[in-house]
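Dear colleague,

I am passing on the structure below and would be glad if you could look through it alongside my notes.

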There are 2 protein chains.
Amino acid sequence: MAVNLKQLAELLGLSQTTVSRALNGYPEVNAETRRRVLQAARETGYRPNRAAQRLATGKAYSIGMVMPIAPGIDSDVHFGEFLAGLAEEAVKHDFHFVLNPSAPEDEEVTFRRLAASGNVDALFLAYMRANDPRIAMLKSLSIPFLVHGRSIGESRDYPFLDIDNTAAFYDAARLLIQLGHQRIALINGPEYLTFSIRRQKGMLRALSEHGLTLDEALVQHSLMTDEHGYRSMQRFLQHSQPPTAVLCSSTVLALGAVRAINQAGLKIGEDISLIAHDDVLPMLKPENFSVPLTTTRSSLRAAGARIATRLIGGILKRGEYPEQELWRAELIVRASTGPAPQK
Amino acid sequence: MAVNLKQLAELLGLSQTTVSRALNGYPEVNAETRRRVLQAARETGYRPNRAAQRLATGKAYSIGMVMPIAPGIDSDVHFGEFLAGLAEEAVKHDFHFVLNPSAPEDEEVTFRRLAASGNVDALFLAYMRANDPRIAMLKSLSIPFLVHGRSIGESRDYPFLDIDNTAAFYDAARLLIQLGHQRIALINGPEYLTFSIRRQKGMLRALSEHGLTLDEALVQHSLMTDEHGYRSMQRFLQHSQPPTAVLCSSTVLALGAVRAINQAGLKIGEDISLIAHDDVLPMLKPENFSVPLTTTRSSLRAAGARIATRLIGGILKRGEYPEQELWRAELIVRASTGPAPQK
DNA sequence: ATTTCCTCCCAAAGCGCTTTGGATATCCGT
DNA sequence: ACGGATATCCAAAGCGCTTTGGGAGGAAAT
């Protein structure tokens, strides 16, 4: 059924060399010949044998991923969504994955082994922290890599894809301030992750630009689960001066926060405003909340797909991709934000 | 640095053939020779080139997995945990993954493509439903596969790994009945998944053996999130005759249920007893609940690892594995269960 | 008219392994 | 002592692709 290069070449009355070159876009082949080859390939459904390509080129055609198994990361809902994007794109190009579950303390060893194994052409890195030691390590490893997120405090000379978390939460906070809110709380992700740090920074900037400050009692860091969102919100509401608005680092956190708010008998968008960051989890759409949520939106799945594209493109040397990308999150206003209540 | 077969053979003064055979356990090689070969392989750190093996044997040395991207599955916390087990084991044997995200309606096409691609030696299947059409399809595909869970209503002649959900919830329900509970509720997973069906069945059996029945109003099916657990429990508590005990299909559901119970001012283990199924999520330990949870326990990660082992073992033809395994969940009693309250 | 230079194509080597089809040597029974 | 097992090893082919090192033929340059 499946044809191979040899058969295809025979069929066309050409040599394997020429067919291979035509298929792989090398210049030394006549335009008309290339057209014929491509057409024949299409008609016969020719698919190059990856094992043979791997052997011949020395490339692995697969990308390695160290899957952190620290509590609260591997089982994170956000992880599955990101992975789906990555995998979706990889499959299109017939790329494989080497998933390497690893506890944080073993990560360095895992990375080295993976890079040395020859089983992967590129590595992927996520869950960035401030002064993350892994990027220096990866630079020394002489294997291409791509970072999801950015470190802080490191030089910026490494390829990454990140969203502009600072700007996102700056925008969100500014909107709340413009609506008259003065006491704004923050339910953030884990404090050691850079996206959390940057979101807080963006929020702080907006506040200070308007002469406001951030009350430490109105900041909570935690794993991004429903339950933690609930508890954080509850704590805020018990404060002698509860906030009139809250920023949430995830719609998952917001889910809990909303519950706490409802339970306290407050009305979202009136008594208290809420903006959450929306990773576009198919399971949890902000427009389906009982009071539709104002969000800063950036699709996690799309980020996964983009990372796969860049990684694969780099390996295949097809096209040029920017080394660094910073996506802007969209601020989408729905019903959960409203003017600050009058005292 | 890395030696290949040829070099290793030269080093030993043997032919590649002999070395290869010694390494792969073929009989026609002298015991002493084999010892020497194995030792040399160890000392030089010889690792066979997978691409070459793939080309020579036609095996892919990788296992395919269709990752369901239906809402509430891919982003499920349980998914990441299971995947970690699978990946952990695969990495040990230098096996790759081909993750294929696919919407349910495209699954059949995806499976066929995957099987035909030659990129995988075996397929893995999960999230089983009653009369699941996928198993008949896979049987027709002439590629080994392994099912996590079991279908219902299909003939049983396919390889699977499942836990005895019926027995688990039978045991759990029986314990509650022995403690004097008469009105027992169930917070279950999605109703179309077989584990949910079986758990309910087990519970029903225990009830009917003691002349009790299951009030339909005391059964809830939903995605296994905190939030759904909360809502389900709330609904039960609003009932004119609320239950005195509850079974939960996941500790994640239990998390929400506990919150609803606390909120109602009831004491767990006294006013209301609770047993949850514990998948051993590292993030959510039943012993860390404010009132430690009685559970039926079976590690999801271990199941993932076992499935990888069986799949890989089958491909490599190393050792024999049972075709079908049914794991027994352990019933672990903690403080969340107590005698039924006196009226 | 001869040389040089492209353009376009090909034969063959090689990637590192497995496997087929012997070869050689030893040992057996008769 | 001799044909036939048996045990142990090897040379070489082959998996399906990429890539090196030409080579033929025509256009351009001298």
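The notes below cover the contact between the chains and then the nonpolar cores.

This is a predicted model, in which local features need pLDDT of at least 70 and side-chain atom pairs count only at pLDDT 80 or more, whereas totals for chains, interfaces and linings use all residues. Residues are numbered from 1 along each chain as its sequence is written, chains are lettered from A and ligands numbered from 1 in the order in which they are written, and side-chain values use heavy atoms, with hydrogens and water left out.

The contact (heavy atoms within 4.5 Å) takes 41 residues from chain A and 40 residues from chain B. Between them the two chains bury about 3,500 Å², 65% of it on carbon and sulfur atoms, where buried area is the accessible area (1.4 Å probe) that two parts lose on being put together, summed over both. The rule finds 2 salt bridges across this interface, a salt bridge being a side-chain nitrogen of Lys or Arg within 4 Å of a carboxyl oxygen of Asp or Glu; B:R259 forms a salt bridge with A:E227, with the closest N and O atoms 2.2 Å apart.

As for the cores (buried Ala, Val, Leu, Ile, Met, Phe, Trp, Tyr and Cys residues joined through side-chain atoms within 4.5 Å, buried meaning under 20% relative accessible area with a 1.4 Å probe, protein chains only), the largest has 55 residues, of which A:L86, A:F97, B:L86 and B:F97 touch the most other members. Leaving aside neighbours within four places in sequence, A:F97 is in contact with residues including A:L86, B:H96, B:F97 and B:L99. A second, separate core of 53 residues includes A:V77, A:L293, B:F236 and B:I272.

Best regards

Key: Buried means under 20% relative accessible area, exposed over 50%, partly exposed in between (1.4 Å probe, protein chains only).
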